[in-house]
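Me: I am new to this structure. Can you take me through it in short questions and answers?

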Protein chains: 2
Amino acid sequence: MEDKLIRGKVIADEIIAELREEVSSLKEKSGKVPGLAVVLIGEDPASQVYVNSKEKMANSLGYHSVKIVLPLDSSQEAVLAVVEELNNDPAIHGILVQSPPPPQIDEEQIILNINPQKDVDGFHPSNVGLVFTGAKDGFPPCTPWGCLELLKRSKVETKGKHAVIVGRSNIVGKPMASLMIQKGVDSTVTICHSRTADLGAEIRRADIVIAAVGIPEFITGDMVSEGTVVIDVGINRVDDETRPRGYRLCGDVDFESVAPKASLITPVPGGVGPMTIAMLMSNTLLAFKRIENIG
Amino acid sequence: MEDKLIRGKVIADEIIAELREEVSSLKEKSGKVPGLAVVLIGEDPASQVYVNSKEKMANSLGYHSVKIVLPLDSSQEAVLAVVEELNNDPAIHGILVQSPPPPQIDEEQIILNINPQKDVDGFHPSNVGLVFTGAKDGFPPCTPWGCLELLKRSKVETKGKHAVIVGRSNIVGKPMASLMIQKGVDSTVTICHSRTADLGAEIRRADIVIAAVGIPEFITGDMVSEGTVVIDVGINRVDDETRPRGYRLCGDVDFESVAPKASLITPVPGGVGPMTIAMLMSNTLLAFKRIENIG
């Protein structure tokens with residue numbers, strides 16, 4: 001079993017070590033470092049955890065890191081004003097507004113107002129379009145890009161392979177498809193979702209399955225063929241009285257029944273999860289190099 | 001056979017009649033009409049034919065229609081200057097630069113400089129992204145949108161059906177996938193391309209196949225299951241000495257072997273072809289209504 005695991009944590013650490021080295025060498029050359037600004041509206045505990053870990057990681061890499069916490073009742077105008085300030089701040093190369101914002105905030109409009117060159121989350125429509133058309137100057141969203149990086153660094157052949165993506169969210173499913181069909185990756189891609197007639201039949205045809213539906217242990221062993229590579233993007237909490245916290249974390253894949261059939265599989269936690277933040281740091285470095293025209 | 005044909009010409013004429021009526025009623029209300037500008041660089045005969053037919057159609061619908069022909073040796077700056085002028089022209093709601101431009105022109109940069117609100121071809125990355133994410137304010141590219149409209153007006157069920165798209169071009173294949181996975185259309189979508197391992201096996205699983213590879217009669221009867229709906233985007237010239245012109249037009253689908261198995265099929269010519277210009281006119285009307293905030 002052990003040698004089937006795609007250890008996201010290990011791969012993310014590798015990437016982070018590479019980034020640290022590159023940042024340090026670019027700093028020596030240019031005297032400059034990448035700057036990442038994270039905007040948090042309100043103090044939602046889960047969002048705080050995410051934001052703090054991004055800040056901590058950016059600091060540990062030697063980035064200039066800015067955390068801006070706005071009051072929960074901030075107006076749209078106030079958030080837009082902060083975004084505008086960050087757009088114009090030459091020390092900031094990456095901007096992200098932690099999702100979800102409170103209900104009075106129009107998130108789509110906020111994203112539209114982030115300078116696409118600093119949109120390291122890759123959610124601005126123009127970045128979505130650039131990645132989809134295979135242009136080189138977009139930012140792929142961090143989670144699907146992390147999945148692709150897991151495949152690459154695990155030496156999984158993607159060319160001519162059938163990748164089945166379960167889920168069509170704008171954050172994972174669609175951009176994952178967008179990356180998998182590009183030249184160089186060259187997978188045949190099927191995108192499944194809640195309206196798919198026979199999900200098992202689709203997944204059983206996959207060489208690579210990427211699960212991003214947000215339903216705990218939704219994909220079971222009977223739906224997967226022998227030898228499939230399984231990437232599980234889901235992170236779900238399910239009640240578990242045997243655990244001290246009263247819950248356990250699990251993916252969208254039923255690990256117990258799927259792992260025996262998979263050739264490779266990401267565990268949850270410790271699979272895709274750690275990659276998202278690594279790719280955010282990677283996108284921030286990329287933004288820095290593009291804006292400063294170095295590296 | 002006759003009742004299997006999806007007659008694009010007839011459907012396009014229906015759409016054009018609807019547009020004509022709407023334009024006339026909006027003109028009565030507002031005193032304004034949609035304005036379409038088509039920019040042609042050089043005098044390539046095929047491009048001239050396309051541009052002239054767009055101009056003629058726009059005129060026949062009562063649009064304000066502008067054709068700008070620039071010299072073949074125009075500089076990038078000269079083309080950008082024309083685009084900028086059209087961006088700022090309040091009588092113009094839709095702008096397109098006929099493809100392909102001469103080699104000294106960077107087409108991608110030209111498209112990036114068209115105001116996305118006037119990008120009725122739907123090729124600006126921000127429109128590509130808006131359509132992919134399912135936002136309502138993009139412009140779908142005309143040909144794939146025409147294919148979807150053919151399916152709708154032929155009462156083909158798409159929800160939960162398996163659509164197999166053959167080809168991953170930015171003009172047809174990718175945006176076609178983008179439209180077919182959206183909520184409301186709800187197809188399970190497979191995107192195939194030159195690297196796909198067993199194309200026949202993929203297509204045989206399709207309820208709907210959309211062929212856009214640009215290879216004459218590439219998809220043959222043995223690759224298609226009984227009852228499939230077949231949309232053929234290809235328009236290819238093949239030598240044919242029995243024809244007065246010395247060639248005939250054919251699609252990417254081998255009509256003779258596929259049609260007997262298809263439940264519905266688009267002929268070439270007269271299938272998808274006439275839809276592209278109809279959807280261009282439709283996008284121009286849409287741009288007009290958005291910019292003028294009417295209708």
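Reply: What follows concerns a predicted model, taken one question at a time.

Me: By what turn can chain A be laid on chain B?
Reply: The superposition has an RMSD of 0.0 Å. The shift along the axis is 0.0 Å. The two copies are thus related as by a two-fold rotation axis. The turn is 180°.

Me: What share of the contact residues of chain A recur in chain B?
Reply: The same surface serves both copies. The share that recurs is 100%.

Me: Which residue of chain B meets Arg168(A) in a salt bridge?
Reply: Side chains of opposite charge can pair when their charged atoms come close. Between chain A and chain B there are six salt bridges. In the one made by Arg168(A), N and O lie 2.8 Å apart. The partner is Asp186(B).

Me: Which strands stand at the edges of the open sheet of 10 strands?
Reply: The sheet has mixed pairing. Its order is β10(A)-β7(A)-β6(A)-β4(A)-β5(A)-β5(B)-β4(B)-β6(B)-β7(B)-β10(B). Each edge strand has a single partner, so one side of each is left without a neighbour in the sheet. The edge strands are β10 (264-265) of chain A and β10 (264-265) of chain B.

Me: Is the pairing of β7 (residues 229-232) of chain B with β10(B) parallel or antiparallel?
Reply: Two bridges link these strands. Val229(B) stands opposite Leu264(B). The pairing is parallel.

Me: Why are Asp13(A) and Lys9(A) separated by about one helical turn?
Reply: These two residues form a salt bridge, with the closest N and O atoms 2.9 Å apart. Both belong to helix α1 (residues 8-30) of chain A. The separation is about one turn because they are four residues apart in the helix.

Me: Where is Pro269(A) found?
Reply: Most residues other than glycine have a negative phi, and most peptide bonds are trans. The bond joining Val268(A) and Pro269(A) is cis, with omega about -5°. Pro269(A) is in the loop between β10 and α10 (273-292) of chain A.

Me: Where is Pro100(B)?
Reply: A cis peptide bond joins Ser99(B) and Pro100(B). Its omega is about -5°. Pro100(B) lies in the loop between β3 (94-97) and α4 (107-113) of chain B.

Me: What is the phi of Lys155(A)?
Reply: Lys155(A) sits in the loop between α6 (142-153) and β4 (162-166) of chain A. Lys155(A) is not a glycine, yet its phi is positive. The value is about 55°.

Definitions and conventions: Residues are numbered from 1 along each chain as its sequence is written. Chains are lettered from A and ligands numbered from 1 in the order in which they are written. This is a predicted model: local features need pLDDT of at least 70, side-chain atom pairs count only at pLDDT 80 or more; totals for chains, interfaces and linings use all residues. Side-chain values use heavy atoms; hydrogens and water are left out. A salt bridge is a side-chain nitrogen of Lys or Arg within 4 Å of a carboxyl oxygen of Asp or Glu. Copies are superposed by least squares on the C-alpha atoms of residues with pLDDT of at least 70 in both. Contact means heavy atoms within 4.5 Å. Two strands pair if DSSP finds at least two bridges between them.
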